[in-house]
Amino acid sequence: MEKQPSNSHPGSGTAKRRSPPPGDAAGAPAMLVDVVLPCLNERAALPQVLASLPPGYRAIVVDNGSTDGSGPLAAALGAVVVLEPRRGFGAAAHAGLLAATAEYVAFCDCDGSLDPAGLAPMLKLVRSGSADLVLGARRPVRGAWPLHARLANTVLGWRLRRLTGIPVTDLGPLRLARRSALLGLDLTDRRSGYPLEMFLKAHRAGWRVAEIPVAYAPRVGKSKVTGTLRGTLTAVKDMRAQLDAASRWAPKAGSDGAAAGTGSQARGAAQ
């Protein structure tokens with residue numbers, strides 16, 4: 001029997017793979033995008049999320065300590081499963097990034113609130129060279145986004161526009177970029193500040209950041225962040241730390257106005 005491939009990354013979880021999809025003559029998987037799905041007790045949403053992936057997109061489900069059987073179910077449904085025992089969104093997301101092998105890597109919540117099909121236009125922007133990082137700006141249906149979370153996101157968007165000059169409106173969880181470029185950002189946050197750190201370091205590196213609207217539906221189950229006081233306070237603390245760090249180098253990064261200009265151009269290309 002052929003031994004199934006596996007990946008391991010010190011301190012970043014262990015990947016358990018099912019049989020790889022058909023590839024080229026050398027056996028390399030014919031995948032364009034690896035989709036990292038941080039997962040903590042999302043069994044109810046997993047079938048819907050994994051079934052929504054477009055052809056050429058491979059799911060990397062990062063089991064962040066689930067107790068409901070999410071990991072085994074994801075594996076049974078054909079996903080790559082990465083075990084990351086260190087709790088935290090950043091820990092799970094980065095473990096998935098390290099396990100990815102495709103040229104492009106996307107991140108998506110695993111709770112059924114976002115449709116992975118929305119990644120296709122993001123990929124088009126990055127592949128064409130119109131953007132380096134594409135974010136999904138959430139357009140919620142009724143009941144999809146708690147009022148306090150929406151207000152906090154509005155304030156965060158305002159601060160980011162002032163800090164970077166990029167006309168971003170939402171630091172959404174649906175995003176896509178090249179894997180090699182993401183690794184080059186040297187992301188270190190392992191909790192709720194990970195998405196913000198990615199955006200800020202991308203800006204500092206001179207990336208073109210684009211934003212496109214994506215539908216945002218009510219999640220399946222209870223949120224681990226906005227659904228609890230502890231989760232909300234942790235997210236605020238982590239993001240404040242990232243903003244404080246960025247404010248010390250932002251003037252240097254945008255001193256010639258280039259960062260703001262490229263951000264605006266990328267936004268225009270996405271519209």
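Predicted model: local features only at pLDDT ≥ 70, side-chain atom pairs only at ≥ 80, totals over all residues.

Student: Where is Asp111 placed, and what does its side chain contact?

Tutor: Asp111 belongs to the loop between β6 and α4. Its side chain makes a polar contact with the side chain of Arg219, at 3.1 Å. When neighbours within four places in sequence are left aside, Asp111 is in contact with Glu42, Ala45, Arg219 and Val220.

Student: How should I read the helix that follows this loop? Which residues of α4 are buried?

Tutor: In α4 the buried residues are Leu119, Met122, Leu123, Leu125 and Val126. Seen down the axis, these buried residues fall within an arc of 160 degrees, so they line one face of the helix. Just after α4, Gly129 takes a positive phi of about 85 degrees.

Student: How is a nonpolar core to be read?

Tutor: In soluble globular proteins, nonpolar side chains tend to be buried together. Here the largest nonpolar core has 36 residues, and Val35 and Leu37 have the most contacts inside it. Two or more residues each come from β3 (33-39), α1 (46-51), β4 (57-63), α2 (70-76), β6, α4 (119-127) and β9 (209-216). The largest share, five residues, comes from α4. Another core lies apart from this one; it has 35 residues, among them Val36, Leu97, Leu133 and Leu200.

Student: What does Leu37 touch, if residues up to four places away in sequence are not counted?

Tutor: On that count, Leu37 touches Val49, Leu50, Ala59, Ile60, Val61, Val62, Cys108, Asp109 and Cys110.

Student: Are Cys39 and Cys110 buried or exposed?

Tutor: Cys39 is buried, with a relative accessible area of 1%. Cys110 also counts as buried, at 3% relative accessibility.

Student: How do I follow the pairing of strands, and which strands does β8 pair with?

Tutor: One notes the direction of each pair, the number of bridges and the residues that stand opposite one another. Strand β8 (residues 175-178) runs antiparallel to β6 (residues 104-107), and four bridges join them. Within that pair, Tyr104 has Arg178 as its bridge partner. Strand β8 also pairs with β7 (residues 133-140), again in the antiparallel sense, over three bridges. In this second pair, Val134 stands opposite Leu176.

Student: In what sense do β7 and β9 pair, parallel or antiparallel?

Tutor: They pair in the parallel sense, over eight bridges. Pro140, for example, has Tyr216 in β9 as its bridge partner.

Student: How much of β9 is buried?

Tutor: Strand β9 is mostly covered, with six of its eight residues buried.

Notes:
Residues numbered from 1 in each chain as written. Heavy atoms only, no water. Buried < 20%, exposed > 50% of the residue type's maximum accessible area, 1.4 Å probe, protein only. Pairing = 2+ DSSP bridges. Core = buried A, V, L, I, M, F, W, Y, C linked by side-chain atoms within 4.5 Å. Contact = heavy atoms within 4.5 Å. Arc of directions from axis to C-beta. Polar contact = N/O pair within 3.5 Å; in protein donor to acceptor, adjacent residues only side chain to side chain.
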